[in-house]
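User: I've got a model open and I'd like to learn how to read it. Can you walk me through it?

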Number of protein chains: 2
Amino acid sequence: MNLALIGVGLIGGSFARAVRAAGRVNRIVGFDTQPEALQRALELGVIDDIAFSAAHAVANTDLVMIATPVGGIRAVLREIAPHLRSAAIITDVGSTKTGVIEAARAELAGVFERFVPAHPIAGSERSGLEYSHSALFRGAVCIITPSADADLNALRQVESLWNDIGCTVEQMSSEEHDRVFAAVSHLPHLLAFALVAQIASDKDAERKFAFAGAGFRDFTRIAASSPSMWSDICISNRSAISSELRTHRELLTELQRAIDEGDAESLRRIFQQAATARRGISVSVE
Amino acid sequence: MNLALIGVGLIGGSFARAVRAAGRVNRIVGFDTQPEALQRALELGVIDDIAFSAAHAVANTDLVMIATPVGGIRAVLREIAPHLRSAAIITDVGSTKTGVIEAARAELAGVFERFVPAHPIAGSERSGLEYSHSALFRGAVCIITPSADADLNALRQVESLWNDIGCTVEQMSSEEHDRVFAAVSHLPHLLAFALVAQIASDKDAERKFAFAGAGFRDFTRIAASSPSMWSDICISNRSAISSELRTHRELLTELQRAIDEGDAESLRRIFQQAATARRGISVSVE
C-alpha cells in the first residue's frame, strides 16, 4: 500500500513512522505547507518522497492521510478531490469531527463514502515532527466517526491500520464525539490558556510565575499547546464548546457568589462532588 | 528541643518526620481532632506521645507547629494561648497567611511576636498521614510572612528548621503571599474543581470521563484535593481569590464572545500569549 501524508507534524509523522514499522505501507509521499518540515521528514526517513502539492501527493496512492490542523482540512479536500484514484481511501486525524465530515461531504462528491474520519486520543502539548515517534499511538483509543453511507471496506481498512499500530478503535457519531471532547479536552485547554494569559497580563506576572508549584505546572501544561491548532478547534467545534463554556461560566458565577458571601458549605459541596468524581474515574489514556 | 504537633496530616506528619530525621527535635507530642490519625501517628513513630488536647500538647514544649486546615487555626490558637511556655515559639503551615496572622494577633496577645507564619510550597492532591514522608520538603520553597514586630530569634529558629529539612526560605508580606497564591494555586484549584463538578453533573458523565486523556488527567489532578481544606482556603483568602476569579470570568466572557462570533484571531492572540508565557517559565517547585 502507498500512503500520501498531507501534514508532517507530530500526529502525521508518528502515524507514518508507526504504519511503516508495522509493515503496512511500502512507500510514503508527503506534502506540507512548511517546506522545512517536509525536507526534515525526508531526511529522517519519515517519508520517501516529497510532493510539490497535495494534489501531486495523492495522484498514485491507495491511502490518503490528512494530518493538518482541522482548519486546513477543507482546503486540502478541495484540492485533492479531482486527483484521487478511483479506489483511494481518505482519512484524517482532526480533533473535531462534525465540521470535517461536512467539509468532506461537500468537497469529495463521488468518493465521500470512502472518507473515514478518525481521531486518535494521543499527542501532547508539544507539536511538530521532531517529537513524532512510532509508539505514540500504542495503547491509545482511536475514535472513528463514520457516516451512515460509509464504505465498509474503507472503514475496515482504516480500523485495521489503527489496530496494527496499537490502538483500540471505538466508533461513535461525530456529534457525540464533539460533545464528549468539548467537555474533557477543548474546555480544559481553553481554561488553561485563559489562566496563564490572565497571570501573564498581570503587573506581578514574573513574581507569580516564580512561585508556581506542582499543581500549577500540571494544570497549565496544556497551555503550551499550539495556539493556531487550538483556535482552529474552537472554531470548528464552536457550538459544543460554546455550550460547555456557558455552563462553566454559570458554575463560576455560583462559586463567586459563595466566596463573596463566605458560604463555605456551598463551596465544600461542589468541591466534594468534584473530588469524589476525580478520585473515582480511571483516566483511560496515558 | 521538644515539639508539639497539632494536626498529624500530610504536612504535619512530614514536618515531624523531617525535623526528627534532621536531628532537630528530641520529643514530639501530637494532637489531632481525629483519634485514629493520632493513634496511627504514634504507631508509625511520627510522634512519641499523644496529648488529650491541644492545650495539653503545648504545656511543656519549646516549639508549637500548627498543621491543621487554615479554618481550624484560630480555634487552636485560642485554646493553647493560656498554656504556652513563656519562651515557646509558635508556627504554622497554613496555605493563606493574612487571615492566620490576624487570628494570631487576636488570640496570642503577649506572645504574638513569637508567632512565625510559614507556608511550605509542597504537598499534593493526596492528604493524610499515610502519604507523609521526611523528604516532602526537600528542594521546596518555604515562604515566611513575619509581621513587623516579629521576634528575631523566633524567626531565625523557624527559618533554620526549614533550611535543615531541605527548604529555601523566602520572606514576603502576608498580603503579597495571598495575592500570589490566589493566582497560581487557589484559582487553579477552584477551576479544576469546577470543571470536574460540571462534567460529573452531566447526564453523559460516565461516557465523557471514559474518553478523558492525558491533558484532562493533568489538568484535573488537583480536583482530587481535600474539599474541606480548599473551602477553608477560599474563605480565608476570599478577597484575593474573589478578585482573581472576577478577572478570570471577564476573560472567559471575552473568549465566549470570540467563539460565538467565530473570531479566530482573538482566540489565537490570547492562546499565543499563554503558550509563550507557559513555555518560557521555569516552574520552580517540583
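User: What percentage of the 286 residues in chain A is buried?

Analyst: Quick note: this is a predicted model, where local features need pLDDT of at least 70, side-chain atom pairs count only at pLDDT 80 or more, and totals for chains, interfaces and linings use all residues. Residues are numbered from 1 along each chain as its sequence is written, while chains are lettered from A and ligands numbered from 1 in the order in which they are written. A residue is buried if 20 or more other C-beta atoms, placed from the backbone, lie within 10 Å of its own. Here, buried residues make up 55% of chain A.

User: What rotation superposes chain B on chain A?

Analyst: Copies get superposed by least squares on C-alpha atoms of residues with pLDDT of at least 70 in both. In this case it's 180 degrees, with 0.0 Å of shift along the axis and an RMSD of 0.0 Å. The two copies are therefore related as by a two-fold rotation axis. Both copies use the same surface, as 100% of chain B's contact residues recur in chain A.

User: Which residue of chain B comes closest to the rotation axis?

Analyst: That's Phe219(B), with its C-alpha at 2.0 Å.

Conventions
Buried ≥ 20, exposed ≤ 12 C-beta atoms within 10 Å, placed from the backbone. Contact = placed C-beta atoms within 7 Å.
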